[in-house]
Number of protein chains: 2
Amino acid sequence: MGTRQSGSAGDVWLRPPARPAREAPPLSRDRIVEEAIALLDEEGAGWLTMRRLAERLGTGSTTLYWHVKTKDDVLDLALDAIFAAVEIPRVDSQGWRAAITALIGGWHAVLLEHPWSAALLGRPMLGPNVLARSEFLYATLLKAGVAEPHLTAAAYSLSNYVIGSALMQATWTAGDEPATRAAAARDHFRANHDRYPVLATHGPLVVDSDWDTSFAFGLTWLLDGIEAICRAP
Amino acid sequence: MGTRQSGSAGDVWLRPPARPAREAPPLSRDRIVEEAIALLDEEGAGWLTMRRLAERLGTGSTTLYWHVKTKDDVLDLALDAIFAAVEIPRVDSQGWRAAITALIGGWHAVLLEHPWSAALLGRPMLGPNVLARSEFLYATLLKAGVAEPHLTAAAYSLSNYVIGSALMQATWTAGDEPATRAAAARDHFRANHDRYPVLATHGPLVVDSDWDTSFAFGLTWLLDGIEAICRAP
DNA sequence: TCGAGCACCGGATCGTTGATCCGGTCCACG
DNA sequence: CGTGGACCGGATCAACGATCCGGTGCTCGA
């Protein structure tokens, strides 16, 4: 009988087994997202391609599309996944203000631990991890006595503030040689001292005030405003 | 006299002029940026390519690279250009608080008039228009009596807040059929009423509170906090 | 008057990307 | 045994950013 497939008899032993014994579990959506986060953490948002991601997973690039519809899906899943690390405080053990401070602080920290996430904030965040923490934020404000229209305003203000802050901080501290970039900006201010007199002497990146204390100040102001609403509705 | 150049006498009228009479002025960096903004406004950030931009300008795509180094340059220039529309208030005629409110309000409005800009906020903004308005913000706060470390904190809080707010609002109101997307999100909350009880009844996109009033509340709270610092340093 | 240099332009092309087509291989189950 | 569905990947496509290199017309000095 002629062999219908090309190849000669007995070469089975020379060919590697069709599905090589994996050290890793078979491909799954979770494993793709996990590896995508690792890739993003190590190399930044610009270096995530489906081919490189597949290579790290030891598969072909096209295989990923069985588990995931598009590259955007990977980004959306990765973005939501990192928020699982934001601990949801127990509101009983402390006041609402401490609970919200902890939640927003955790949110802020996670965004900065994964600087690539800041560039992805401009997409609808409807994943389970994000929604669970939004739910907690709304519930805590509601229990504190904040009612409409202040409820929406308070939730928006807090989340928009943390998003904007993380975005700006990631812009200036992430990437290669952030200190060099900041120094270049400083020099630019000083070189144009006539146009930017205040920035050149008091501006950002010039004064040695750190991001975190500035972030804390703004958060305090927002919470003060919200607290005032509670007391005088 | 013989014609020195090749070609027969009188055919000038048959040949098109070598450099056709442009209806538009010759290509320049400004014209590229202007057209890029028009393209972005009409079709969104995802549809800006060098080829399409060149086509709208009536040139070849490679020609753009004579005036601009990379595509990122076009984006950076376009991003800074739109901030020229943010009017710098006159601080004399009004109090510092009114001036800052006007500046931040104008900033917010411009970001929403060009929703694509929100997706670009994660890059260093060092253009002349942005810096001129930052200079005004710092100068106004300084004149109002805000000193370090509150000066940096105040400037950061305000700009980060407006950036985050615009980013979120653009995410949910820009693009195709924003109402449809919002409705889908609402349905998602209600379908998972057990997991998101508060979001389903009081959540964003559910309550009919508009973005602008929420934005105004947060801005008021921040300014209240800053004003308190001025009075009690 | 003329020609050398410069500012400006664009067809052809390169490497890379996201995504699809289509033909495989394996395993569970009847 | 053998059949169907879950899973995989080489080859391929169109589109993208960017570059190479050869043009063109204008300007200015000798």
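This is a short tour of a predicted model, one selection at a time.

**Before you click**

Residues count from 1 along each chain as its sequence is written, while chains are lettered from A and ligands numbered from 1 in the order in which they are written. Because the model is predicted, local features need pLDDT of at least 70 and side-chain atom pairs count only at pLDDT 80 or more, though totals for chains, interfaces and linings use all residues.

**Stop 1: colour chain A by confidence**

pLDDT is the predictor's confidence in each residue, from 0 to 100. Chain A has a mean of 88, with 88% of its residues at 70 or more. Now select residues 1–24 of chain A: pLDDT is below 50 here, and beyond near neighbours in sequence the stretch has 2 contacts in the model. Two residues are in contact if their C-beta atoms, placed from the backbone, lie within 7 Å. Where pLDDT is low, the predicted coordinates should not be read in detail.

**Stop 2: H1 and H4 of chain A**

Helices are DSSP runs (H or I, at least four residues), numbered from the N terminus. Select residues 29–43 and 71–82 of chain A, which are H1(A) and H4(A). Their axes (lines fitted to C-alpha atoms over the stretch in contact, with angles from 0 to 180 degrees between N-to-C directions) come within 9 Å and cross at roughly 80°. That makes the two helices roughly perpendicular, a label for angles of 65 to 115 degrees.

Which residues of H1(A) meet H4(A)? Show Ile32(A), Val33(A), Ala36(A), Ile37(A) and Leu40(A); on the H4(A) side they meet Val74(A), Leu77(A), Ala78(A), Ala81(A) and Ile82(A).

**Stop 3: where the chains touch**

Show both chains: 52 residues of chain A are in contact with 52 residues of chain B. On the chain A side, H6, H7, H8, H9 and H10 each give two or more residues. H7(A) supplies the largest share, 16 residues. Sorted by class, the chain A side has 29 nonpolar, 18 polar and 5 charged residues.

**Stop 4: H6 of chain B**

Select residues 128–143 of chain B. This helix has 16 residues and reaches 22 Å from first C-alpha to last, close to the 22 Å expected at 1.5 Å a residue (1.5 Å times one less than its number of residues). Its buried residues include Leu131(B), Arg133(B) and Tyr138(B); buried is 20 or more other C-beta atoms within 10 Å of a residue's own, exposed is 12 or fewer, and partly exposed is in between, with C-beta atoms placed from the backbone. The buried residues of H6(B) pack against H9 of chain A, together with H5 and H7 of chain B. Just after the helix, Gly145(B) takes a positive phi of about 100°.

**Stop 5**

Go to the loop between H6 and H7 of chain A for Pro149(A). The peptide bond from Glu148(A) to Pro149(A) is cis, with omega near 5°. In chain B, Glu148(B) and Pro149(B) are also joined by a cis bond, with omega about 0°.

Glu177(A) has a positive phi of about 55° although it is not a glycine. Is Glu177(A) buried or exposed? Exposed: Glu177(A) has 9 other C-beta atoms within 10 Å. In chain B, Glu177(B) has a positive phi near 50°, and Glu177(B) is exposed too.

Methods
Ala, Val, Leu, Ile, Met, Phe, Trp, Tyr, Cys and Pro count as nonpolar, Asp, Glu, Lys and Arg as charged, and the others, Gly among them, as polar. Angles under 35 degrees count as roughly parallel, over 145 as roughly antiparallel, 65 to 115 as roughly perpendicular and the rest as oblique.
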